[in-house]
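Visitor: I am new to this structure. Could you show me how to read a few of its features?

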Amino acid sequence: MKTIQRFTISHLITALRAAKLPASKPTVLRYEHVGIIDKPDMYTEYKNRRVREYTQEDIQKRVDQVREHIKAKKSRKKST
């Protein structure tokens, strides 16, 4: 049985920064809230809080979603 490696929101932020995209915890939460990126499927209870967990594929998917959002936002600006 293969174990799935899980990552936290800090790993997602690091991946976004490595891709030279805007990244901070409030930014990621806002992206989730407005629907730019998908909310995580996995959560872990830790000290009475739900901690977001991502797989490597989830992180890459969200980096691509942010990249596409920024690209679309820039193209909208150019057309106005």
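Guide: Let's start with the terms: helices (H or I, at least four residues) and strands (E, at least two) are DSSP runs, numbered from the N terminus. The model is predicted, so local features need pLDDT of at least 70 and side-chain atom pairs 80 or more, while totals for chains, interfaces and linings use all residues. Residues are numbered from 1 along each chain as its sequence is written, and side-chain values use heavy atoms, without hydrogens or water.

Visitor: How many salt bridges does the structure hold?

Guide: A salt bridge puts a side-chain nitrogen of Lys or Arg within 4 Å of a carboxyl oxygen of Asp or Glu. There are five here. One of them joins Asp58 to Arg62, with the closest N and O atoms 3.9 Å apart. Both residues sit in helix H3, four residues apart, about one turn of the helix.

Visitor: Is Arg62 buried or exposed?

Guide: Buried means under 20% relative accessible area, exposed over 50%, and partly exposed in between (1.4 Å probe, protein chains only). Arg62 is buried at 3%, and Asp58 is buried too, at 16%.

Visitor: Which residue forms a salt bridge with Glu53?

Guide: Arg6 does, with the closest N and O atoms 2.9 Å apart. Glu53 lies in strand S2 and Arg6 in the segment before H1, so this pair ties together parts 47 residues apart in sequence. Glu53 is buried, at 12%, whereas Arg6 is partly exposed, at 47%.

Visitor: With which residues is Leu16 in contact, leaving aside neighbours within four places in sequence?

Guide: Contact means heavy atoms within 4.5 Å. For Leu16, these are Leu21, Pro22, Ala23, Val28, Val63 and Val66.
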